[in-house]
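Here is a quick tour of one protein model, written for someone who likes to know the cut-offs. Have the viewer open and follow along.

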Amino acid sequence: MSRLTFTISSSVKLSSGYDIPVVGLGVYQNSDCSPACIAALKHGYRHIDSARMYKNEEQVGHAVRESGIPRGDVFVTSKINNPEHGYDSTLAAVDDSLKKFGFDYIDLMLIHSPLSDKERRLQTWKALIEAKKQGKVRSIGVSNYGPKHLEEIREAGLETPSVNQVELHPFCQQKEIVEYCHKHDIVVEAYSPLIRGKWNDKIVDIAKKYNKDPAQLLVRWSLQRGFVPLPKSAQPSRVITNADVFDFEISEEDMKALDALDRGKDGAITWNPVDAP
C-alpha cells in the first residue's frame, strides 16, 4: 500500500511478522493520560506509545479496557528504563509492565536508550529476546540507538530489532540512523515529530498552503518519509486533529523544502542520546 493512500487504520509489517499502525499516540509527560488515550481510541488511533519511565502504564491499560476495543486491535508499546538494563532486571521489568497494564502480552517492548554500556545493553537485548520467546512481548526493538549500538547487536549475532524509535522531524532528520535502519529492515518511529511547537515560518507557511496546521503538516511529512510518527498531546481535541492528515498530500517541492530544514544533531530538541558511548 502506498503511503499516499494510508488511513489512520493503516499499518506496516514489522520484521517480527506483526503489524504496527502507522500513527501512534505518545504519552510522555502525561501523568493523567487516560482522557487522551480514550479520545485517541474513539477517533481511530490503534497505537499507544508508553514507557516504564512515563509511569502511566496503568492508565494506558485502563483506557484500552474502557474503550471497549478488543485488546488484540490496539498496539501498545513500552520501554525498559535505563537503570533497569541487565538480563534479570529486564525480565523483571517486563513482568512488572504486564502487571501494570493488566495485559497478557505487550505488542512492542523497546530498550529506552543506550545509556548504560555495551555489556548491559546486550544483556538487556538478550532478555527481550527471551521475553519474546515466552510470548510476553510480541515484537522487540530499541530507542535512541545510533548505528554503533545497532552494530553491537548485529556483531553479537543476535536478532535484529524490529523498531528503532528516535527523535525525528525536519530539523533533526537522523539521516545516518535512518539509512542504517532501512538497510536492515528496521522500522523507524519518530518521537517529538511536532518539534514541541517550535516551528519556523517555513513550516507555518507550507501548512497554510494545505489549509492544515503545522502539527498536521509535520505528521504528514513523517508519514511520507516512511516513518511511524508518535505525536503527543494531553488535550483530547489536539489528539484528534493531529491525526487528521489523511486527506492531503505534501507535494514533492514542499517535501524538498521541509527536507532542507535539517540541522542534524543541532536541530534536536530532546535528550537525543544516540551518540552515547
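## Arginine 52

Which backbone oxygen does the side chain of arginine 52 reach? The one on alanine 93, at 3.2 Å. That is a polar contact, meaning a pair of N or O atoms within 3.5 Å; within protein, one must be able to donate a hydrogen and the other to accept it, and residues adjacent in sequence count only if both atoms are side-chain atoms.

Before going on, some ground rules: this is a predicted model, where local features need pLDDT of at least 70, side-chain atom pairs count only at pLDDT 80 or more, and totals for chains, interfaces and linings use all residues. Residues are numbered from 1 along each chain as its sequence is written, and side-chain values use heavy atoms, with hydrogens and water left out.

Arginine 52 sits in the loop between strand S4 (47–49) and helix H2 (57–67); helices (H or I, at least four residues) and strands (E, at least two) are DSSP runs, numbered from the N terminus. Its relative accessible area is 14%, so arginine 52 is buried (buried is under 20%, exposed over 50%, partly exposed in between, with a 1.4 Å probe and protein chains only). Leaving out residues up to four places away in sequence, its contacts (heavy atoms within 4.5 Å) include Glu57, Ser78, Asp96 and Met109.

## Two positive phi values

Lysine 55 is in that loop between S4 and H2 too. Its phi is positive, about 55°, although lysine 55 is not a glycine. With a relative accessible area of 72%, lysine 55 is exposed.

Isoleucine 195 also has a positive phi of about 55° without being a glycine. Look for isoleucine 195 in the loop between strand S9 (187–191) and helix H7 (201–209). This one is buried, at a relative accessible area of 0%.

## Helix H4

After H4 comes glycine 135, with a positive phi near 80°.

Buried residues of H4 include Leu122, Trp125 and Ile129. An α-helix has 3.6 residues a turn, so residues three or four places apart point the same way. The buried residues of H4 pack against strands S5 (75–80), S6 (106–111) and S7 (137–143), plus helices H3 (87–101) and H5 (147–155).
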